[in-house]
Amino acid sequence: MATSWLDFWNGSHRIYVNARHAKVHYAKIAADFIVLIPNRQATVVDWGCGEASNAFEIAAHAGRLILCDAASATRDRLTARILASSDVRATRIDVVSPNDLRLQYRAEVDLFVVNSVLQYLSEPELTQLLDDARALLAPDGTLVIADVIPTQDDLIGDIRNLLATAWRYGFFLAALAGLVATFFSPYRRLRNTVGLARHNEADFLARLERAGFKAERMQPNMGFDQRRMAFRAKATV
Ligand SMILES: C[S@@+](CC[C@H](N)C(=O)[O-])C[C@H]1O[C@@H](n2cnc3c(N)ncnc32)[C@H](O)[C@@H]1O
C-alpha cells in the first residue's frame with residue numbers, strides 16, 4: 001500500500017476516469033505547453049511529466065524535449081514507448097530522473113515546465129526543485145510552475161471542475177463512476193493522510209524570489225482548472 005505520493009505514482013493507479021479523460025487532459029496540457037516554447041531549437045524540460053501522451057507533438061515544436069519524472073515505473077514506460085517508435089521526433093526526446101537531469105544538464109534549458117506536481121512535493125523536495133531549475137535554466141530561460149493548488153482549494157471545487165470538464169468533453173457518466181471509485185481509492189486515503197501541498201500566491205512569489213527568480217502570476221493556468229495558479233519566472237542575475 002502506497003505510503004507516499006511517489007509510491008502512489010510508481011504503482012498502478014487510476015487517476016483518469018477513462019481513456020477519453022486521459023486523452024483530453026494530455027491534449028490540453030500539450031497545447032498549453034507548446035505556446036510557451038520560445039523557438040524550434042529550444043531545449044525544454046517537462047518535470048513530473050507523467051505519461052506525457054502527447055510528447056511527440058511537443059517535441060515537434062522544440063529542439064530537445066527532456067521528460068523528467070521521479071517515478072521509475074513511469075520512466076520505464078516512456079522509454080519503452082520512445083524506443084519502440086520509428087517517429088523521427090522520438091530522437092529529440094530524452095527520459096531522465098530528477099537526479100540524471102541535475103547531473104547531465106547545466107544552464108542550457110530554455111523552458112522548464114512543472115505542471116500539476118507541486119501538490120505532491122514535500123518542503124525539501126520543493127526547495128531542491130527550485131535549486132535545480134535555477135541551475136538548469138539558460139540565462140534567458142523561463143520556469144513555468146502550473147496547476148498549483150491555492151490554500152483555499154476544496155474537494156467540492158475539484159468535483160465540480162471534473163464534472164464540468166467531463167460534461168464538455170463527453171465523459172460525464174464515466175466521471176460520476178470515477179468519483180465513486182475515487183472515494184474508495186488509495187488517492188483519497190493519501191490525500192487524507194499525507195495531504196496535498198497548497199500555496200498562497202504572495203508567499204509563493206516571495207519564495208521564488210528567495211530562490212533566485214523574478215516571478216509573476218501567469219494566466220491562464222495550464223489545463224482545465226482555472227481555480228489553480230500558474231507562475232512564470234526568470235532567473236535573476
Ligand atoms: C498529476 S501527475 C502530473 C503529470 C503531468 N505533469 C501532467 O500535467 O499531466 C504528477 C506527477 O508528479 C510526479 N511526482 C509525484 N510525487 C513526486 C515527488 N515526490 N517527487 C517528484 N515527482 C513526483 C509523479 O510521478 C507524476 O508523474
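Modeller: Contact means heavy atoms within 4.5 Å. In this predicted model, the buried residues of helix 9 pack against helix 1 (5-10) and helix 7.

Biologist: Which residues of helix 9 are called buried, and what makes a residue buried?

Modeller: Helix 9 (residues 186-193) has Tyr187, Leu190 and Arg191 as its buried residues. A residue is called buried because its relative accessible area is under 20%.

Biologist: Why is the aromatic pair of Tyr169 and Phe224 called tilted?

Modeller: By the rule of ring centres within 6.5 Å, there are twelve aromatic pairs. Tyr169 and Phe224 are 5.2 Å apart, centre to centre, with 55° between the planes.

Biologist: What does the pair tie together?

Modeller: Tyr169 lies in helix 7 (residues 155-169), and Phe224 in the loop between strand 6 (213-218) and strand 7 (229-235), so the pair ties together parts that are 55 residues apart in sequence.

Biologist: Why does Tyr169 count as partly exposed?

Modeller: Its relative accessibility is 23%. Buried needs under 20% and exposed over 50%, so Tyr169 falls in between.

Biologist: What makes you say that the charged end of Arg188 sits over the ring of Phe183?

Modeller: The charged end is 3.9 Å from the centre of the ring. The cut-off is 6 Å, and CZ of Arg must also be within 35 degrees of the ring normal. Arg188 is listed as sitting over Phe183, so both conditions hold.

Biologist: Why do strand 3 and strand 6 stand at the edges?

Modeller: The open sheet has seven strands in the order 3-2-1-4-5-7-6, with mixed pairing. Strand 3 (93-96) and strand 6 each have a single partner strand, so one side of each is left without a neighbour in the sheet. From one strand to the next, the twist averages 20°.

Biologist: How do you know that strand 6 and strand 7 pair?

Modeller: Two strands pair if there are at least two bridges between them. Strand 6 and strand 7 have six, in the antiparallel sense. For Glu216, the bridge partner in strand 7 is Arg232.

Technical notes: Residues are numbered from 1 along each chain as its sequence is written. This is a predicted model: local features need pLDDT of at least 70, side-chain atom pairs count only at pLDDT 80 or more; totals for chains, interfaces and linings use all residues. Side-chain values use heavy atoms; hydrogens and water are left out. Rings of Phe, Tyr and Trp (its six-membered ring) pair if their centres lie within 6.5 Å; planes under 30 degrees apart count as stacked, over 60 as edge-to-face and the rest as tilted. Helices (H or I, at least four residues) and strands (E, at least two) are DSSP runs, numbered from the N terminus. Buried means under 20% relative accessible area, exposed over 50%, partly exposed in between (1.4 Å probe, protein chains only). Axes are lines fitted to C-alpha atoms, for helices over the stretch in contact, and angles run from 0 to 180 degrees between N-to-C directions.
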